[in-house]
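Thank you all for coming; I would like to walk you through one protein this morning. Please have a look at the sequence and the model first, and then we will go through some details together.

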Amino acid sequence: MELRHLRYFQSVAENLSFSRAAERLGIAQPAISRQITALEQEIGVKLFVRTTTRVRLTDAGRRFHQDIDRLLSQLAIAVTGAQRISGGSNGELNLGSDWRVLFPQIPEAVMRYRAAHPHVTVNFIELQVHAQIQALRDGLIHIGFVHKLLLSSHPDLASLFLFMADFKVIVGANHPLAGAGSVAMRELKKETWVKLDEKNNPGYRAIMLQLCHPALFTPRFGRGASSIEGMLALVTMGDGICILPSSLLSHPHPGLCLLDTDCPPLEFYAIWLKDNPSRHLGDFIPLLKKTLAPPSSTPKKAKKEPARLSI
């Protein structure tokens, strides 16, 4: 059974005339008669009663007509929806979102996009940073936001630099380094490092190893916590030290001291698939670029602007 069989049947059922249906469809009457006969033979049901003076639907034909009308209406809606999405006037734009990292440029870009494309729904898909690259490839999101440590070699991805976030070494108030003000990473070789557990924060250990590698040591991990707040509580109790982007500390933490360090800042990027055909993504990227002030072609020349990260 082909779609044209259903369209031919619908036209004959609406006109109750093979000649008028053929004229309406722009085909020869014998051709439409043959197709209706083939349809009846395929489904094993007589759809029309034909006489020399009139054509009428059988009971089965009337039911078939009702169902085919609904089917073809749904098909028309599906075709129109696909065309509207392809034309950029409707659809969805999905952005990866990690609750721990609130990128300051995104809300403004989304507001601009919604104003320009009110019929497109913008969704924030909750995903940890490390999971967003795979989510792009799986088609779950159109654009993700990750730090540079995750962008080693991904030739299928395009990226846009967003900002840099400084690191702070965090120690307890009674730690010997508490009053130092700043500390070089190499001076932390013998320290015990409080960690985030890999189950809830996969990739954290690998990041810490990368941060300590330039200082030529491997961090000695101690106790772990499932959240950043839990990790800071362990530091407060003297169970070790940790290192975090400074803006993770969105409010004062009694019992903690933040030290400057020579660890390079963490660079954040927007990423998307180079071959993603989404019209919505193509419209969103220029708006995101406009929110970067001042615009920068390379991270080195970009203004250092810490992310607004929350815990």
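Let me start with a residue in a strand, Lys 168, which has its place in strand β7, residues 167-172, where strands (E, at least two residues) and helices (H or I, at least four) are DSSP runs numbered from the N terminus. Is Lys 168 buried or exposed? With a relative accessible area of 19%, Lys 168 is buried, and by that word I mean under 20% relative accessible area, while exposed means over 50% and partly exposed lies in between, with a 1.4 Å probe and protein chains only. If we leave aside its neighbours within four places in sequence, Lys 168 is in contact with Cys 242, Ile 243, Leu 244, Ser 246, Leu 258, Leu 259 and Asp 260, contact being heavy atoms within 4.5 Å.

Before going on, a word about the source: this is a predicted model, in which local features need pLDDT of at least 70 and side-chain atom pairs count only at pLDDT 80 or more, whereas totals for chains, interfaces and linings use all residues. Residues are numbered from 1 along each chain as its sequence is written, and side-chain values use heavy atoms, with hydrogens and water left out.

As for the protein as a whole, its secondary structure comes to nine helices and 13 strands, and of its 311 residues 44% count as buried. Among contacts between residues at least 6 apart in sequence, 73% join residues at least 24 apart.

Two packed helices are described by the angle between their axes and the distance between the axes. Helix α1, residues 3-15, packs with helix α2, residues 18-25, at an angle of about 125°, and their axes are 8 Å apart; the axes are lines fitted to C-alpha atoms over the stretch in contact, and the angles run from 0 to 180 degrees between N-to-C directions. The two helices α1 and α2 are therefore oblique to each other, given that angles under 35 degrees count as roughly parallel, over 145 as roughly antiparallel, 65 to 115 as roughly perpendicular and the rest as oblique.

Which residues of α1 meet α2? They are Arg 7, Tyr 8, Ser 11, Val 12, Glu 14 and Asn 15, and they meet Phe 18, Arg 20, Ala 21, Arg 24 and Leu 25 in α2. One of them, Ser 11, is buried, with a relative accessible area of 4%, and, its neighbours within four places in sequence aside, Ser 11 is in contact with Ala 21, Arg 24 and Leu 25.

In the loop between α1 and α2 we find Leu 16, which has a positive phi of about 50° although it is not a glycine, and which counts as partly exposed at 38% relative accessibility.

Turning to helix α3, residues 29-43, we see that α2 and α3 pack at an angle of about 110°, with their axes 9 Å apart, and are therefore roughly perpendicular to each other. The axes of α1 and α3 come within 9 Å and cross at roughly 110°, so that α1 and α3 are also roughly perpendicular to each other. Here Arg 4, His 5, Tyr 8, Phe 9 and Val 12 in α1 meet Ile 32, Gln 35, Ile 36 and Leu 39 in α3.
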